[in-house]
Amino acid sequence: MPALEDAIAAVENTSEATAETVAPAPAAETTQPEPAPAAVPVQAAATLAAAKAPRRRVPPLLAYSGWRLLELVATLAVATGLFAVLLPAAVSPDFGMLADRLAVTLPMIALCLVVAGFVGLPLGFAAGGWSGPVDLVVRGVGVMLVSVSPIWLGMLLILLFAATLGWLQPGGFVPWASNPMGALSSLVLPALALGLPLSGWLALSLRDSVRKALADPWLEAAQTMGQSRGVAVRSFVPRHALAATTRDLLVPLALLVPAGLVVENVFYLPGLGRLLLTALAERDHATLQAALVALVGLVAVCRLLGQVLRAAVDPRVPEGA
Amino acid sequence: MTIAPPPVGRTFSLFRLRLRLGVIATLLILLIGFVSIVWTPYPVDQLDPMAQTQAPSVAHLLGTDALGRDTLSMTMKGILTSFVVAGVAAAIGLFIGIPLAVAAARWGLLAERVLVGGAGIFVSISALGIAVLLTLQFGPSALNAMFAIGLYNIAVVARQTRDDLRTFQGRDYLAASRLAGLGGWELARRHVLPGLMPLLGGTAMAQLAQGVLLEAGLGYLGLASQPPGSSLGLMLRDAQTVMLIEPMLTLVPGGALLLIVLALNSVARGLRREASDAA
């Protein structure tokens with residue numbers, strides 16, 4: 001947070017004349033500390049700086065991501081083993097169909113994350129920042145969004161945008177190869193049906209986190225150091241609010257893929273959900289095994305995404321706090 | 001010297017109102033579900049070819065579906081199915097998940113790691129994956145949905161409870177009572193559980209709400225209740241084939257689903273809010 005460091009620097013400049021000697025070459029001070037009496041505060045400041053930023057070979061975020069990736073691989077291995085035991089005839093999974101199906105499911109999930117971000121972030125920040133009618137409306141809409149079944153929301157979207165307005169087709173999928181724009185447009189409504197509930201989670205959680213961050217004593221501390229409230233709020237609130245929110249989002253993110261496989265069926269999309277259900281109906285164990293592994297993999301990837309995002313926003317997480 | 005006494009009781013606020021409204025709405029919907037055990041306007045397993053896809057009328061308050069079944073009766077039964085499946089699943093999650101989390105917290109870091117890792121695997125397989133496996137073995141039924149959602153709930157509840165327990169670690173009053181000679185289960189019962197209760201209540205209600213949505217999803221896929229039985233997910237599935245001609249048939253089960261989950265979520269959010277205010 002550069003604003004905080006500016007503030008600290010400003011305070012040090014006014015209180016200590018020696019601070020100027022610290023600022024240009026702190027590294028030199030750490031390597032060869034000289035026990036001159038005038039340099040005692042300098043030395044103390046240098047040791048403090050060294051204690052603050054211990055040297056590491058691996059950045060904590062990278063190490064954390066690595067561990068989570070390892071966890072993902074372990075989860076996949078355990079799940080694959082479990083499915084091999086539970087599915088009757090001993091067959092090896094048939095991954096042949098998977099690529100085509102994931103070409104539908106993956107873009108849908110990605111689009112849904114985009115929708116959730118674009119709708120949920122502004123709503124959450126707006127409701128957190130402005131109390132009164134804005135807050136009331138966002139909370140009302142947010143609770144409605146998290147309570148609506150994505151299946152039903154999908155049907156309502158079809159009724160509105162396909163049947164009544166005629167802007168988009170009610171279902172089905174045009175392959176990417178023949179018509180990329182058509183393929184994308186057939187994923188818009190499913191992504192909305194999935195993304196709007198997620199944006200509700202995002203908005204509600206972010207609203208609460210922004211409120212909590214605005215009431216934080218840190219803000220007052222920054223203001224007593226001479227920062228304007230606006231600067232303090234801008235440099236502090238978004239990051240702290242997002243740190244708390246990314247934690248709340250881990251469960252909704254894990255539910256995204258299963259919900260997506262259900263919503264695919266509402267729009268007659270030939271994705272992973274369809275593959276799973278047809279394989280189940282036809283008792284095609286090889287395909288079923290592959291589809292289940294893909295399901296577990298996708299959920300695990302979504303969880304990994306959430307965890308790494310959280311660790312990137314909140315430095316306490318990779319530090320193991 | 002006078003010290004102003006701390007405010008007794010809570011001032012009236014919107015979230016208390018929401019919590020109360022949520023509880024009342026939940027109980028009313030639950031009542032509708034229970035009424036369907038002894039009485040529905042029409043039997044749900046009786047097809048009436050003469051009354052296919054009727055608009056709402058005095059005889060059929062919410063109309064009839066493509067097979068001539070009364071929509072109101074189907075919805076009442078569906079509400080019951082939702083509550084029973086989600087309720088049993090939530091109970092499974094709570095009765096196994098909470099003790100697991102408490103045990104892991106007492107046994108130390110390794111147990112916690114195992115708990116978090118195991119929960120991660122179950123969350124990744126998800127209720128859908130478990131339901132598919134159960135359906136493959138035993139055929140589709142509401143019982144499968146219960147166990148699938150219940151197993152998934154165990155993972156979520158255990159994880160959530162462990163996080164909630166962590167917020168109690170390092171509290172000064174716990175250290176103080178430990179110094180006073182209290183330890184183990186007595187400490188947990190006297191000082192952790194009372195603060196934990198509202199949080200657990202919030203978790204339970206949230207799992208119930210999520211369970212209703214998951215049951216609808218599994219029912220929609222045909223992995224839960226089967227036709228003579230009624231569920232809101234099945235109704236949505238049936239309605240979809242005639243959706244563009246008869247939009248009314250999708251509005252009723254979807255709207256009922258929305259009301260149930262809205263009521264449960266209001267209670268869950270209210271309880272969590274209460275807990276965070278008390279802390």
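Predicted model: local features only at pLDDT ≥ 70, side-chain atom pairs only at ≥ 80, totals over all residues.
Student: Is Asp135(A) buried or exposed?
Tutor: The cut-off for buried is under 20% relative accessible area. Asp135(A) has a relative accessible area of 4%, so this residue is buried.

Student: How many residues apart in sequence are the parts that Asp135(A) and Arg211(A) tie together?
Tutor: The side chains of Asp135(A) and Arg211(A) also meet in a salt bridge, at 3.6 Å from N to O. Asp135(A) lies in helix H7 of chain A and Arg211(A) in helix H9 (residues 180–214) of chain A, so the parts tied together are separated in sequence by 76 residues.

Student: Are helix H3 and helix H4 of chain B roughly parallel or antiparallel?
Tutor: The axes of H3 (residues 109–138) and H4 (residues 142–168) of chain B come within 7 Å and cross at roughly 165°. Angles over 145 degrees count as roughly antiparallel. H3(B) is therefore, relative to H4(B), roughly antiparallel.

Student: Which residue forms a salt bridge with Glu112(B)?
Tutor: Glu112(B) sits in helix H3 of chain B, and the pair links distant parts of the chain, 54 residues apart. Glu112(B) counts as buried at 8% relative accessibility. The closest N and O atoms are 3.9 Å apart, and the partner is Arg166(B).

Key. Residues numbered from 1 in each chain as written. Chains lettered and ligands numbered in written order. Heavy atoms only, no water. Axes fitted to C-alpha atoms, helices over the stretch in contact; angles between N-to-C directions. Helix = DSSP H or I, 4+ residues; strand = E, 2+ residues; numbered from the N terminus. Parallel < 35°, antiparallel > 145°, perpendicular 65-115°, else oblique. Salt bridge = Lys/Arg side-chain N within 4 Å of Asp/Glu carboxyl O. Buried < 20%, exposed > 50% of the residue type's maximum accessible area, 1.4 Å probe, protein only.
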